[in-house]
Amino acid sequence: MSQYDVAIIGSGPGGYVAAIRCAQLGMKTAIIEKYTTLGGTCLNVGCIPSKALLDSSHHYEDAVKHFEEHGIEIPGEVKVNLEKMIGRKQAVVDQTTKGVEFLMNKNKIDIYHGLGSFKDATHIEITKTDGQKETIEAKNTIIATGSKPSTLPFIKLDKERIITSTEALKLKEIPKHMIVIGGGVIGLELGQVYKRLGAEVTVVEYMDRIIPGMDAALSKELMKVMKKQKVKFNLSHKVKSVERKGDEVIIKADDKKGEEVEYKADYCLVSVGRRPYTDGLNAKVAGIIIDESGRIAVNEHLQTNVSNIYAIGDVIRGAMLAHKAEEEGTLVAEILAGQKPHINYNLIPGVVYTWPEVAAVGKTEEELKEAGISYKVGQFPMRALGRARASMDIDGFVKILADTSTDEVLGVHMIGARCADLITEAVTAMEFRASAEDLARMSHAHPTYAEAVKEAALIATDDRALHI
């Protein structure tokens, strides 16, 4: 029986990063992956493939709608080859997952493909696809099994017409009309992909705004922009039935007045969040406590109630984000090595990869009001930037919330071109507890989108923006 200092169950961003860090710190490490490729949801059917399709569809939209204005003329009709687009997406996925395998081999991490389940707190049985079983022993185990798409109890997913994000990444045709149930990150991103490619897209959301976990100003601005892109929104609608009849899907919902409305489409994307995935883990045999929501309970060191078993990522509390899982994987590895790492969960950014991109870190206005914290606001529109006008990406703004008495930056919320990258400036500043004046006095290259951060900081400091 092979013995390890640490075994990681799950090879997504949290799991594989934990494995690398454990190996770097001198531990004999094994990683167990249920599927034939490494990388988990993020690399195979999540972050990476969705961004590949977002970029491809963005290029198509630019060619159809914007190239002529830039003085680029294309003879003949611009057409979508969906099969080729999906093929490129898969090539990106394949290259990325092979990269993770390379990193495992480079760091001398043993890879086991199969379903990992506990026999007890120190032994894990691995059931391979051919049915053969193998048991390994591990002094410590990190559970990093991630999440799966959620659904509603009355919806039967046929994975053909009534689909999740997994199936939406490999459709064989462009929908005529796609109903998206859920106005969160995944639904909006994939809805925008197919809207660009020619589908009619209707978003049906239970809450009174889209991306409800983010600052209300971002929700309002993103919906305004996506409405201009001809995406339809039905907010405060409670879906109560989804049925397929042939190639048609019929969705019934109650609107905010309680009156029934009906939608018909050829595809329905169910995007109502994700659930922790612990199926087949046999956690109870090891004595691990799983709460009523399906999450594994952990302490501040991400240690379960069983002292040598830890859990990270989507299976525990907090936002289901790949980069959050990575930080947690690193933290557990360093704790096992006797170090004292720390994660500031308030400073883990959230991003929506629509165009314009949406990104945020820290507290929202709603949270500050609820906490009774006195704050000031600096908000600067992207359209006032020379760089934004040059690229024709004028939608959006940067909004900085700072403490009224100390001027410390408490939250940064932005929507616009390249905000997914731009948010890191805010994270860096807030990690060092910068004031709005600190940001305002930093030199920002011109012309860039980042100048919006400086201008918003100037407004938050003493209302002295230079360019509006």
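View A. Strands are DSSP runs of E with at least two residues, and helices are runs of H or I with at least four, numbered from the N terminus. In a regular strand, side chains alternate between the two faces of the sheet. The model is predicted: local features need pLDDT of at least 70, side-chain atom pairs count only at pLDDT 80 or more, and totals for chains, interfaces and linings use all residues. Residues are numbered from 1 along each chain as its sequence is written, and side-chain values use heavy atoms, leaving out hydrogens and water.

**View B. Partners of strand 15.** Strand 8 (residues 162-163) pairs with strand 15 in the parallel sense, over two bridges. Pairing requires that DSSP finds at least two bridges between the strands. Leu 269 of strand 15 stands opposite Ile 163. Strand 9 (residues 177-181) also runs parallel to strand 15, joined to it by four bridges. Here Met 178 has Tyr 267 as its bridge partner.

**View C. Helix 1 against helix 4.** The axes of helix 1 and helix 4 (residues 82-106) come within 10 Å and cross at roughly 20 degrees. Axes are lines fitted to C-alpha atoms over the stretch in contact, with angles from 0 to 180 degrees between N-to-C directions. The two helices are therefore roughly parallel to each other, a label for angles under 35 degrees.

**View D. The largest nonpolar core.** This core has 50 residues. A nonpolar core is a set of buried Ala, Val, Leu, Ile, Met, Phe, Trp, Tyr and Cys residues joined through side-chain atoms within 4.5 Å. Those with the most contacts inside it include Met 104, Phe 118 and Ile 288. Helix 1 (residues 13-24) supplies the largest share, seven residues. Another core, of 38 residues, lies apart from it, with Met 382 and Ala 426 among its members.

**View E. Glu 334 in helix 9.** Glu 334 sits in helix 9 (residues 322-336). Glu 334 is buried, at a relative accessible area of 14%. Leaving aside neighbours within four places in sequence, Glu 334 is in contact (heavy atoms within 4.5 Å) with Arg 21, Leu 25, Gln 339 and Pro 341.

Notes: Buried < 20%, exposed > 50% of the residue type's maximum accessible area, 1.4 Å probe, protein only. Parallel < 35°, antiparallel > 145°, perpendicular 65-115°, else oblique.
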